[in-house]
Amino acid sequence: MRVGLLTEGGYPYVSGETRLWCDRLVRGLGQHEFDIYALSRSERQEAEGWVALPPQVGRVRTAPLWTAADEALRAAGPRGGRGRRARRRFAECFGELAGAVCCGGAGGSGDGPGDVADRFSNALYGLAELASDEGGLVGALRSESAVRTLESACRAPGALRAAHAARVPDLLTVAGLMERALRPLSLDWYGADGLGAVDLCHATSGGPAALPGLLAGHFAGVPLLVTEYGAQLRARHLPAGDTDLGAPARALLASFHGLLAAEVYRGATLVTPGDSHARRWQERCGADRAKLRTVHPGMEADRFSEIGERGYDDFAAGPETLLWAGRVEPAKDLVSLLHAFREIRQEVPGARLRIVGPPAEGPDARAYLAHCRALAAELFPDEAASAHSAGDNPVSFEEAGGPDAPRVAEAYAAAGVVVLSSVAEGFPAGLVEAMFCGRATVSTDVGAVVEVIGGTGLVVPPRDPRALAEACVTLLRDPERCARLGAAARARALELFTVEQNVTAFRSIYLEIVSHCPVRRDAVDEAGEPVPFANPAEAYLPGRWAVAAGRTPAAEPGAEGGGVPRWAAVEEAATHAELREAAV
């Protein structure tokens, strides 16, 4: 089949967030052809170039989300002049979109949440059709009339309380950021030479990355699969709190992204979260449980296989070594870990703590690392055997990845217990690496930690140094228990979190979606003659499971959280009857 892979700030760029996962997926599904449609986030990302692409990648089309409006207008291609009718259509559609956004999804003036979602959906596809007719909407979405329309919606009855306080700078900022998120509306990707020719769109995240998939479904009936490794909407909310945006702008943008996420989940055929933490966010944002199917991220286990097979039989360091591995940032809560280690040292005087991670990026991360180093020096003065010998601090900060720095696998090999002290976490990739190495773990109960480790490690509440210390001391004093937990953790990781299981899961999902939601096209050869058997026979069978392309079936009544769409729950007898009728 032909798959349109949709990314935002990811594959195929060298610095892409989903680069490794997408590359493994494309290479693992060599029997399919992939077309990549990538949205870049910065000029630097584009300048760094692409990764080496496998031969099954047929074409790559890119578009920037970072350019200014005038550059985007030039990049969007030729556009005709807008007449009075086009301006009126834009005013109506954008007015409905702005009204839905200003209601905040909670409804206003008698509208319920479902009515607001419908208003947003109709306005979104109305703008898409207008963009297709007029050659793009970038200029219109940033125009003075758009800002005035947004202002009127903010002042309307039923609007968000924060929206009433929006001033001109807030409205200009919101209009600009909404235009960037809606920029896929102005792209020429949806014709017969683009996404209209694929059998399946696979978006590697929600939001703007999935918007081309929604439009391909709207214009050409192409089914959409959305994969989210992490809570994407939460990830968009957190940076907004650290910027100079005012409260009105933050409220409007939160409403816009929430409505866009809900529309993506509604328009998708299936949604595959990476863990239960992301799944709960998707359900809270309106995703139908019947469409959700958890597919854990796949990670390379080969580089940890030697350490995992060896287990605790051969230490590169003493069994009293604790290891923390990851990116140093406030959410990792190294401050609580350092305070916990002070209590650990009182119970296990020979214990050591190694903090291993990549170089800190950005001023905030460097300032936090400096704070942690200063705290470690304060809590643990250099220990010297005598007045004439050099001291040795039991806490070491080491950078991974450099020529003289330890590799992460070597750090795991030298650890007796691996610690995760985060207060916020999505899918804990570092914890899975420790499990591949057969190491016992102590973790805080955040994100998908409990789902990942199962019963193969100890879990404590976040921001509780005493509980963290007690759990670490328990394992440091019981090497046999560490070995048992490590062996169980490795078996669990190899069963659930490898690249092979991830690729196998998506291979099955691809075939399932295409077989039940085929794209109806009039297939002709070079001479214009119809091609026999171009569409699968199942596409012509009557029945509820033969879903019209581009539409999502409802779930069967009583479906649980692990349910499937209706086409996967039809009674066997009815299906056999339809097949007999078709055969006759």
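In this predicted model, the largest nonpolar core holds 73 residues, and Phe90, Phe120, Leu185 and Leu195 touch the most other members. Helix α4 (residues 84-103) supplies the largest share of this core, ten residues. A second, separate core contains 41 residues, including Ile344, Tyr368, Leu375 and Leu476. In soluble globular proteins, nonpolar side chains tend to be buried together.

Residues up to four places away in sequence are not counted here. Leu195 then touches Gly4, Leu6, Tyr37, Trp189, Tyr190, Cys201, Pro212, Ala216 and Val222.

Strand pairing comes next. Strands of a sheet pair through backbone hydrogen bonds, either parallel or antiparallel. Strands β1 and β2 run parallel and are joined by seven bridges. In this pairing, Thr7 stands opposite Ala38 of β2. Strand β2 (residues 33-40) is mostly covered, with seven of its eight residues buried.

An open sheet of six strands has the order β9-β8-β7-β10-β11-β12, and its pairing is parallel. Strands β9 and β12 (458-460) stand at the edges. Each has a single partner strand, so one side of each is left without a neighbour in the sheet. Neighbouring strands of this sheet are turned by 20° against each other on average, direction ignored.

Strand β7 (residues 321-325) pairs with β8 (residues 352-357) in the parallel sense, over five bridges. Here the bridge partner of Ala325 is Val356 in β8. Strands β10 and β11 also run parallel, joined by four bridges. Leu420 stands opposite Ser443 of β11.

Strand β11 is mostly covered, and five of its five residues are buried. Its side chains point in two directions. Ala440, Val442 and Thr444 point one way, while Thr441 and Ser443 point the other way. All of these are buried. Helix α20 (residues 465-476) lies across β7, β10 (417-420), β11 (440-444) and β12. The helix runs at about 175° to β11.

Helix α16 (residues 363-379) was examined in more detail. At 1.5 Å a residue, its 17 residues should span 24 Å. The end C-alpha atoms are 24 Å apart, which agrees. The buried residues of α16 are Ala365, Tyr368, Leu369, Cys372, Leu375, Ala376 and Leu379. They cover an arc of only 125° around the axis, which puts them on the same side of α16. These buried residues pack against α15 (334-347) and β9 (395-399). The face turned away from the buried side carries the exposed residues Pro363 and Glu378. Tyr368 and Leu375, both buried in α16, are also among the members of the second core.

Several loop residues also stand out. Gln56 is found in the loop between α2 (43-48) and β3 (57-64). A residue is called buried under 20% relative accessible area. Gln56 has a relative accessibility of 13%, so Gln56 counts as buried. Leaving aside neighbours within four places in sequence, Gln56 is in contact with Val26, Arg27, Leu29, Gly30, His32, Glu33 and Phe34.

Backbone geometry is the last topic. Most residues other than glycine have a negative phi, and most peptide bonds are trans. The peptide bond from Tyr11 to Pro12 is cis, with omega near 10°. Pro12 is found in the loop between β1 (2-8) and α1 (19-28). Asp333 is not a glycine, yet has a positive phi of about 55°. The residue sits in the loop between β7 and α15. Arg463 is not a glycine either, and has a positive phi of about 55°. Arg463 lies in the loop between β12 and α20. The two residues contrast in accessibility. Asp333 is buried, with a relative accessible area of 6%, whereas Arg463 is exposed, with a relative accessible area of 60%.

How values were computed. Residues numbered from 1 in each chain as written. Predicted model: local features only at pLDDT ≥ 70, side-chain atom pairs only at ≥ 80, totals over all residues. Heavy atoms only, no water. Helix = DSSP H or I, 4+ residues; strand = E, 2+ residues; numbered from the N terminus. Expected span 1.5 Å × (residues − 1). Buried < 20%, exposed > 50% of the residue type's maximum accessible area, 1.4 Å probe, protein only. Arc of directions from axis to C-beta. Contact = heavy atoms within 4.5 Å. Core = buried A, V, L, I, M, F, W, Y, C linked by side-chain atoms within 4.5 Å. Pairing = 2+ DSSP bridges. Axes fitted to C-alpha atoms, helices over the stretch in contact; angles between N-to-C directions.
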